[in-house]
Amino acid sequence: VDHLALIPRTILKSFWLELAVNTFGLLFFITTRAASVNRPGSKAFIGIGAFNLVSAKRFHRTVGFEWLRLEPGDDVGLGMMIKQSGGTTRLAFAYEDLSLRWYSSVAAMFKGLEKNLFGPGSHYRWWLMLFRVGIIWALVAAPYFSLALGLAHGLAPLWIAGAAAISMQLIFAVCFVADRKAKGLVLLLFPVGVLLITAMMLHAGYRCVKNGGIDWRGTHYPL
């Protein structure tokens, strides 16, 4: 393996923070296609913050850190570099071995993700951000809308599809807890978590457009 990315256990002190962090994690895993990273021949790539172990031999075959110099999503960018150079990545949960307090509160998470959610997420295009937020809201609302519409009009395919999607979410939430990847059934409120994360996306976009760039560790980086 040329690149080992480990997922740490996050120390969360409040219900709402746990909801926000777990929802962010799920959306992150979906958008990076994390489930396929370990499959031979997969083109998916990923990086997890400071928890990336890289072979020096493989790293010297990449374009190097200069390419990542102004990239807020540099951890995922590192995974991309390894994959583009022909390297292999493996992703694993390391809840028993690694832990950190990522953010102390939801407010701190809003501030901390200002640099990540607009550029890496929407390429600094406000219209793309609004489009993606709209798509996410539509996908979250679709099962409930389908269930309600199907029951109201007696359309079995609609209410069955909606009920199946909602049931899968519930089963996933229970299994996630059973596998000790979450402390409580916060994922039952996944739609509420999505509203929190998309609010962070809109906030990050607004701040970046208003300030003409991002503020990161006391430095202003203009677009």
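This report describes the overall form of a predicted protein chain and the setting of one serine, S105.

The model is predicted, with local features requiring pLDDT of at least 70 and side-chain atom pairs counting only at pLDDT 80 or more, while totals for chains, interfaces and linings use all residues. Residues are numbered from 1 along each chain as its sequence is written, and side-chain values use heavy atoms, leaving out hydrogens and water.

The protein chain contains eight helices and seven strands, these being DSSP runs numbered from the N terminus (helices H or I, at least four residues; strands E, at least two). Values for the whole chain are collected below.

| Property of the protein chain | Value |
|---|---|
| Span of the C-alpha trace along its principal axes | about 60 × 40 × 35 Å |
| Share of the 223 residues that count as buried | 39% |
| Share of contacts between residues at least 6 apart in sequence that join residues at least 24 apart | 67% |

Here buried means under 20% relative accessible area, exposed over 50%, and partly exposed in between (1.4 Å probe, protein chains only), while a contact means heavy atoms within 4.5 Å.

S105 sits in the loop between β5 (99-100) and α4 (106-112), and because its relative accessible area is 27%, S105 is classed as partly exposed. A polar atom of the S105 side chain lies 3.1 Å from the backbone nitrogen of A108.

Notes. Polar contact = N/O pair within 3.5 Å; in protein donor to acceptor, adjacent residues only side chain to side chain.
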